[in-house]
Amino acid sequence: MPEKQFVVFKLGTEEYAVPIFEVREIIRYGEVKKLPDVPDYMEGIINLRGNVVPVVNLSSKFGLTTCEGVEPKVIVSEIGDSRVGIIVDEVTEVLRLSDDQIEPPPFINMGHDYIKGIGKVDDRLLVLLSLRSLFTEEELHGFKEIS
């Protein structure tokens, strides 16, 4: 049975996962340069080896509170022509899931096509996301303009 690999991370106490092929690298959260007149979830920009990368706070985008006392990580992804950093509270593991461990997204997911399914691992439930579907074309265009 084919397996898919996912990078598992936490926002608060909730666990999420994204396909490993959407992750370019994972870095420590460092100095972020704030930008004026951007959406609340837009944390700012970072210098990643000479490249300007916009950084999004995923907890803010989802309307969640962040965990205090953790050292956040940034998942760097290339989405189309844009490179974007996604701030998460903690990256916990890389996990393989078989097709029978993945349920389709619940119908209450209407309007959120970035939720691709629910991963079942023992007694854990992981919300499977697509970073590519998380942002509108307008947002991606804005990221490209920044970088």
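Biologist: How many residues has the largest nonpolar core, and which have the most contacts inside it?

Modeller: This is a predicted model. The largest nonpolar core has 23 residues. Those with the most contacts inside it are Phe9, Val56, Leu58, Ile86, Leu129 and Phe135. At least two residues each come from β1, β2, β6, β7, α2 and α3.

Biologist: What does Ile86 touch?

Modeller: Setting aside residues up to four places away in sequence, Ile86 touches Val56, Leu58, Lys73, Val74, Ile75, Leu131 and Phe135.

Biologist: Why is Tyr16 called buried?

Modeller: Tyr16 has a relative accessibility of 9%. Buried means under 20%. Tyr16 therefore counts as buried. Phe9 is buried too.

Biologist: What makes the pair of Phe9 and Tyr16 stacked?

Modeller: Their ring centres lie 5.8 Å apart, and the planes meet at 15°. A pair needs centres within 6.5 Å, and stacked needs planes under 30 degrees apart. Both values pass, so the pair is stacked.

Biologist: Why is the pair of Tyr16 and Phe62 called tilted?

Modeller: Here the centres are 5.9 Å apart and the planes are at 45°.

Biologist: Which residues form the aromatic cluster?

Modeller: Phe9, Tyr16, Phe62 and Tyr114 form one cluster. The whole structure holds 4 aromatic pairs.

Biologist: Why is Gln101 called partly exposed?

Modeller: Its relative accessible area is 24%. Buried stops under 20%, and exposed begins over 50%. Gln101 lies in between, so it is partly exposed. Gln101 is found in the loop between β8 and β9.

Biologist: What is Gln101 in contact with, beyond its neighbours within four places in sequence?

Modeller: Arg96, Ile118, Gly119 and Lys120. A polar atom of the Gln101 side chain also lies 2.9 Å from the backbone nitrogen of Ser98.

Biologist: Which are the edge strands of the open sheet?

Modeller: The order is β8-β1-β2-β11-β10-β9, with mixed pairing. β8 and β9 are the edge strands, as each pairs on one side only. Within the sheet, β10 and β11 run antiparallel, joined by 6 bridges.

Terms used: Residues numbered from 1 in each chain as written. Predicted model: local features only at pLDDT ≥ 70, side-chain atom pairs only at ≥ 80, totals over all residues. Heavy atoms only, no water. Pairing = 2+ DSSP bridges. Helix = DSSP H or I, 4+ residues; strand = E, 2+ residues; numbered from the N terminus. Buried < 20%, exposed > 50% of the residue type's maximum accessible area, 1.4 Å probe, protein only. Contact = heavy atoms within 4.5 Å. Polar contact = N/O pair within 3.5 Å; in protein donor to acceptor, adjacent residues only side chain to side chain. Core = buried A, V, L, I, M, F, W, Y, C linked by side-chain atoms within 4.5 Å. Phe/Tyr/Trp six-rings, centres within 6.5 Å; stacked < 30°, edge-to-face > 60°.
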